[in-house]
Amino acid sequence: MASLASAAPAARQHTDSMPARKLIPIILLAALLPACRSMPPYAGPRGPGTPAVIEAYASPLSFCGLLTPGVCHADILLIDKSKLASDAPEIALDGGSHRLVVRCLSNMTLATGGNETSIHTFRMDFQPGARYRFDARVVDNRCQLAIADKASGQRSEAVETY
């Protein structure tokens, strides 16, 4: 019995040492994925006029793993209250105000297993006919994601990041 009692504090100490910031994206994804199943799929632009276009993030990295530090993947999970079902090279949406939920996968170390996922929420006004791109980079060991207007270079930073 004494060996079980002495092992318990060591096990508790190990789980307490995991940084809370690493758990938040996992908890958010666990909550978001079941909720996404009940959301309708994104149907694309509905209104008249030229839609705005967001180009998919193109990573310079071929995969996220050994010797590949930086952002390796970023994708849009939700537009307003509709889920995106595919990794299309670009996404068209009506001009106007939209809420986007974006996922970023990055590798923080040169070792395998240093991958981190973060969730970013954007609320921004898209101009009809404008083209946008993702600006993604690692700053202070965190994925920093922005959506930039390709013509003007104006960047919209995430309003929330987890």
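Two strands are taken as paired if DSSP finds at least two bridges between them; strands themselves are DSSP runs (E, at least two residues), numbered from the N terminus. The model is predicted, so local features need pLDDT of at least 70 and side-chain atom pairs count only at pLDDT 80 or more, while totals for chains, interfaces and linings use all residues. Residues are numbered from 1 along each chain as its sequence is written, and side-chain values use heavy atoms, with hydrogens and water left out.

Strands β7 (residues 131-139) and β8 (residues 142-149) run antiparallel and are joined by 8 bridges. Within this pair, Tyr132 lies opposite Asp149 of β8. Both strands belong to an open sheet of 5 strands with mixed pairing, in the order β4-β1-β7-β8-β9. Because β4 (90-93) and β9 (155-157) each have a single partner strand, they stand at the edges, and one side of each is left without a neighbour in the sheet.

Leaving aside residues up to four places away in sequence, Ile76 touches Ile54, Leu84, Ile91, Leu100, Val101, Val102 and Phe134, contact meaning heavy atoms within 4.5 Å.

Asp80 is located in the loop between β2 (70-79) and β3 (82-83). Although Asp80 is not a glycine, its phi is positive, at about 55°.

Notes:
Helices (H or I, at least four residues) and strands (E, at least two) are DSSP runs, numbered from the N terminus.
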